[in-house]
Amino acid sequence: MKRLILLSMLAISWLFSGHAITAEGCLSCHDGIASIRDEQSAMMQIIKAKGAMHGDPEGCVICHGGNPAGQTLEAAHQGSPEGLVKENGPQLFYPDPGSIWVAENSCGQSGCHSGYSYRLERSLMNTEAGKLQGNLHTWGIPEVQNYQVPWGNYDVKDTDGPIPQVGSAEYKTYMQAMIAAHKEQFPTELKMVPQPSVEEIEQDPKLAGFTYSRQQCQRCHVAVNGREKRGDYRGQGCSSCHMPYGNEGFYEGQDKSIDKNERGHVLIHKIQATRKTKIKHGDVEYSGIPVETCNSCHNRGKRIGVTYQGLMEFPYGSPYNEQGNTQPKLHTKRYLFISDDLHHQIKSRPENPKGGMLCQDCHTSIDMHGDGNIFGTTLAQVEVECQDCHGTPDKFPWELPLGYSEEFAQQLEETPRGLTNELMNETAAFATVYEQGDGYLKTARGNAFGNVVKHGDKVIMHSATGNDFEVPVLKNLAITDSWKSPDAKVAMSQVEKHNESLECYACHASWVPQCYGCHVQVNYGKDAKGNPYQDTDWVASGNQKFPDGSTAESKIGSSGIKSPGKVFETRSYLRWEEPVLGINGEGRVTPLMPGCQIVYTVIGRDGQTVALNELGKSYDEQKALGQTRVPDAIDMAPVQPHSAQRKARTCESCHNNPKALGYGISGGVFQTGYPRDIVEDLIDQKTGQVIPGRHQIQIPKIADLDYDWSTIIKDGQQTQTVGTHWPLSRALPKEMRDAMERTGLCMGCHREMSNTELWDKVATKGQLNDSQHIELMNKMFKAYADQRSQNNSPIVNN
């Protein structure tokens with residue numbers, strides 16, 4: 001009823017406004033373009049009714065501005081005759097209305113998505129504050145040590161205090177307490193990350209980290225369009241996610257004014273959002289935001305997007321295609337398929353014919369858009385935990401307290417979080433609203449999961465794809481004893497320490513992309529043609545803002561503002577199996593992955609090397625750990641890798657694996673030659689002298705690296721940084737490593753194999769399979785228990 005009244009008022013207002021309607025308006029050039037939403041949707045009807053008030057019955061000017069009465073391109077793409085005055089001044093023509101710099105006049109105008117642009121400007125998707133802090137820490141930049149977050153892509157302030165603008169009362173109370181406890185991770189102001197002069201960098205080469213960040217790492221924030229490479233095409237601001245761009249960057253709609261052979265265009269003029277927003281393109285109808293949209297950014301750093309799809313970058317590009325070529329580059333990389341996350345499973349996978357989940361099915365509006373506060377790290381902004389849907393073996397999700405699984409080493413209150421019937425205002429207004437059943441589940445911080453509902457003894461997750469999934473609830477599995485395997489029952493239900501101290505993905509993320517050794521050369525010299533090296537500075541480009549919402553690099557084919565220097569990168573080696581374990585910022589055991597393991601080389605303007613294969617130092621980590629060794633600033637980062645598998649990693653992969661414990665691959669015995677130059681030529685083996693006078697160094701040294709990249713513990717001390725954002729993150733502590741390590745236990749029995757007389761009493765001819773082996777060990781354990789019980793003595797000391 002309210003919608004009908006609004007439409008009627010808009011129509012009456014237009015009838016008496018005296019505006020003339022041009023016959024075709026914008027469609028005189030853009031004939032064939034699709035309506036941004038379904039014609040019958042409330043959003044489209046409101047847009048058209050508003051547009052009619054301004055002489056544009058199609059409603060184009062409501063989002064794009066401009067003048068529908070203009071008879072030329074120039075006249076149409078400027079402010080309308082009436083000025084279309086809105087809250088923030090006259091409306092210009094906006095090529096991309098989603099741009100964060102004009103969104104208050106377009107997406108966020110009164111009656112639409114007001115408030116979103118303010119929150120998004122302060123969210124990590126725009127500031128990238130955590131990425132900057134973590135990357136610069138690995139270069140040894142002192143301003144970001146001790147968990148300080150001074151910089152973002154733009155100058156920005158939190159102007160309304162720590163109380164979130166959105167969320168439930170429980171969420172707002174929770175976040176105020178969290179911000180008070182972790183002030184460093186919730187800065188109230190950020191300054192634009194600086195760019196030192198080349199002269200300053202030549203004097204202090206670690207400052208080249210600023211060039212590296214600004215040229216390589218900051219292209220993904222939503223205030224710019226980003227890189228024009230296959231897989232990286234996207235819009236600005238709201239359009240970064242809500243407008244579909246194909247990986248090839250071609251327009252496939254019917255607007256004849258758009259060049260269908262020019263890369264960099266939206267796939268089709270449609271908004272993608274939630275389940276109720278259907279998009280029909282060719283023979284495909286879909287809803288929700290495809291995973292590959294997210295991956296236009298989430299393909300580097302933690303790589304969680306491509307990992308979720310099962311992809312890991314590798315250099316070879318095999319196998320060959322029919323043309324005899326290796327695979328095309330995607331996000332400037334080639335990939336190896338390992339195994340996609342169990343939540344992703346696409347329809348072609350026979351084990352899950354129903355299809356998989358989208359990123360937005362777990363991640364909430366606050367995870368994406370923020371809540372109005374400035375966040376210094378991902379962990380500060382993301383409000384969801386695995387247990388929010390799955391619970392634990394002894395508690396249903398609604399029986400858990402708020403904050404479960406992000407305890408930060410604090411004792412939680414035992415008050416159950418319960419269910420709720422109250423959706424966030426933004427969910428109720430804009431998202432697909434599902435029947436509440438017995439109630440909506442809550443996130444770890446107290447907001448309603450609007451798409452996760454309790455129905456009797458079942459939990460149903462409503463995916464934006466249109467599929468509905470029954471969530472495996474761990475307590476139901478425990479009650480019905482319907483575990484998939486004995487290993488699962490033991491690991492999840494009988495070893496209580498696992499639930500108390502591990503993240504779920506410590507076991508279920510059985511693979512993690514591991515790019516060891518990030519070798520960075522920043523060259524301020526000249527290229528082969530004698531031109532000084534330079535490259536796109538994404539921060540400088542984004543800070544050059546134009547009234548129409550575009551930035552310096554927005555125009556197709558533009559490379560934006562360039563800064564001196566050019567970055568070249570390579571790595572030491574790649575792995576994916578059996579990740580290292582450590583402690584994350586919440587105080588739980590988690591997989592680790594090489595974050596920014598930077599070893600840097602800097603070339604000056606004269607072509608001379610001013611730094612060669614140097615490592616930053618983490619003096620703040622040394623102080624926090626209280627150890628004599630100064631850890632290198634290279635980072636083995638705690639991560640939620642988004643690679644969960646149904647079959648978790650085995651017990652042995654942690655308890656009988658030096659790498660998992662932090663001691664390095666095979667205990668760190670390999671790749672120990674980094675501190676010396678390696679020459680491969682004719683060598684006098686007696687003296688070690690090189691025989692030919694003319695020879696080359698085959699492998700240059702990294703003087704400070706006396707361990708393999710996968711080693712985080714050597715001689716009882718931490719060798720490198722483990723997380724830069726939170727005080728609790730570090731390697732597994734000694735007492736935990738000692739309690740976990742069971743390497744060499746096989747010798748408890750097999751050392752007696754040479755004792756033929758004894759062995760013949762317990763063994764028979766032949767070879768046992770794994771199941772028989774386990775059963776024999778169990779019988780031995782029980783027999784030993786019977787013997788000890790007869791003597792009234794304990795088997796082990798607890």
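Me: Which helix is M780 in?
Reply: M780 sits in helix α31, which covers residues 770-790. Bear in mind that this is a predicted model.

Me: Which residues make up the nonpolar patch with M780?
Reply: L768, L776 and M777 form that surface patch together with M780. Their accessible area comes to about 330 Å² together.

Me: Switching to the inside: which residues touch the most other members of the largest nonpolar core?
Reply: That's W139, I141, Y212 and V520, out of 24 residues in the core. The elements giving two or more residues are α8 (129-138), α10 (198-203), α11 (208-217), β12 (511-523) and β18 (598-603).

Me: And which one gives the most?
Reply: α11, with four residues.

Me: What is V520 in contact with, leaving aside neighbours within four places in sequence?
Reply: W139 and Y212, then V567, F568 and E569, plus I598, V599, Y600 and T601.

Me: Which residues does the second core include?
Reply: V384, C389, L441 and F469 are among its 20 residues, and this core is separate.

Me: OK, confidence. What's the mean pLDDT?
Reply: 91 for the protein, with 94% of residues at 70 or more.

Me: Where is the pLDDT below 50?
Reply: Residues 1-22 are one such stretch, with 25 contacts in the model beyond near neighbours in sequence. Residues 81-90 are also below 50, and that stretch has 20 such contacts.

Terms used:
Residues are numbered from 1 along each chain as its sequence is written. This is a predicted model: local features need pLDDT of at least 70, side-chain atom pairs count only at pLDDT 80 or more; totals for chains, interfaces and linings use all residues. Side-chain values use heavy atoms; hydrogens and water are left out. Patches are made of residues with over 30% relative accessible area and no salt bridge: like charges are joined within 9 Å, nonpolar side chains (Val, Leu, Ile, Met, Phe, Trp, Tyr) within 5 Å. Accessible areas come from the Shrake-Rupley method with a 1.4 Å probe; for residues, only the protein chains shown count as cover. A salt bridge is a side-chain nitrogen of Lys or Arg within 4 Å of a carboxyl oxygen of Asp or Glu. A nonpolar core is a set of buried Ala, Val, Leu, Ile, Met, Phe, Trp, Tyr and Cys residues joined through side-chain atoms within 4.5 Å. Buried means under 20% relative accessible area, exposed over 50%, partly exposed in between (1.4 Å probe, protein chains only). Contact means heavy atoms within 4.5 Å. pLDDT is the predictor's confidence in each residue, from 0 to 100.
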